[in-house]
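Work through the exercises below with the sequence and model open. Try each task before reading its solution.

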Amino acid sequence: MDGMLCCTISNDRSVKIYDVVNYDMMAMVRLPFIPGCAEWVYKQGDVKAKLAISDRNSSSVHIYDARAGTNEPIISREVIG
């Protein structure tokens with residue numbers, strides 16, 4: 001996206017979010033599912049740094065506010081097709 005944030009996902013159900021400029025881990029989120037993949041879904045200047053994370057074992061995608069560092073998604077959707 002804008003190169004300001006980076007994230008990692010792991011089989012241990014954790015997501016780590018990094019502030020690239022300050023070389024700092026700014027949040028760690030524990031998920032209730034094993035993540036399959038992650039993608040930033042925000043534009044530069046957006047208030048929320050939205051991160052979409054798929055559930056490896058279902059067709060669900062959950063969107064989190066990366067700056068909030070909360071385990072609760074903003075929205076969750078089942079992807080069909």
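**Exercise 1.** With which side chain does the side chain of His-62 make a polar contact?

*Solution.* Start with the ground rules. This is a predicted model, where local features need pLDDT of at least 70, side-chain atom pairs count only at pLDDT 80 or more, and totals for chains, interfaces and linings use all residues. Residues are numbered from 1 along each chain as its sequence is written, and side-chain values use heavy atoms, without hydrogens and water.

Now the partner. It is the side chain of Ser-76, at 2.6 Å. A polar contact is a pair of N or O atoms within 3.5 Å; within protein, one must be able to donate a hydrogen and the other to accept it, and residues adjacent in sequence count only if both atoms are side-chain atoms.

His-62 lies in strand β6, residues 60-65. Strands (E, at least two residues) and helices (H or I, at least four) are DSSP runs, numbered from the N terminus. His-62 is buried at 13% relative accessible area. Buried means under 20%, exposed over 50%, partly exposed in between (1.4 Å probe, protein chains only). Beyond four places in sequence, the contacts of His-62 (heavy atoms within 4.5 Å) include Phe-33, Leu-51, Ile-53 and Pro-73.

**Exercise 2.** Which strands stand at the edges of the open three-stranded sheet, each with a single partner strand?

*Solution.* Read the order: β1-β2-β3, paired antiparallel. Strands pair if DSSP finds at least two bridges between them. β1 and β3 each have a single partner strand, so one side of each has no neighbour in the sheet. The twist averages 20° from one strand to the next; axes are lines fitted to C-alpha atoms, for helices over the stretch in contact, with angles from 0 to 180 degrees between N-to-C directions.

Check one pairing. Five bridges join β1 to β2. Cys-7 has Ile-17 in β2 as its bridge partner.

**Exercise 3.** Which elements give two or more residues to the largest nonpolar core?

*Solution.* The core has 15 residues; Val-15, Ile-17 and Trp-40 are among those with the most contacts inside it. A nonpolar core is a set of buried Ala, Val, Leu, Ile, Met, Phe, Trp, Tyr and Cys residues joined through side-chain atoms within 4.5 Å. The contributors are β1 (5-9), β2 (14-19), β3 (24-30) and β5 (50-55).

**Exercise 4.** Is Tyr-23 buried or exposed?

*Solution.* Tyr-23 is exposed, at 79% relative accessibility. Tyr-23 sits in the loop between β2 and β3. Its phi is near 50°, positive in a residue other than glycine.
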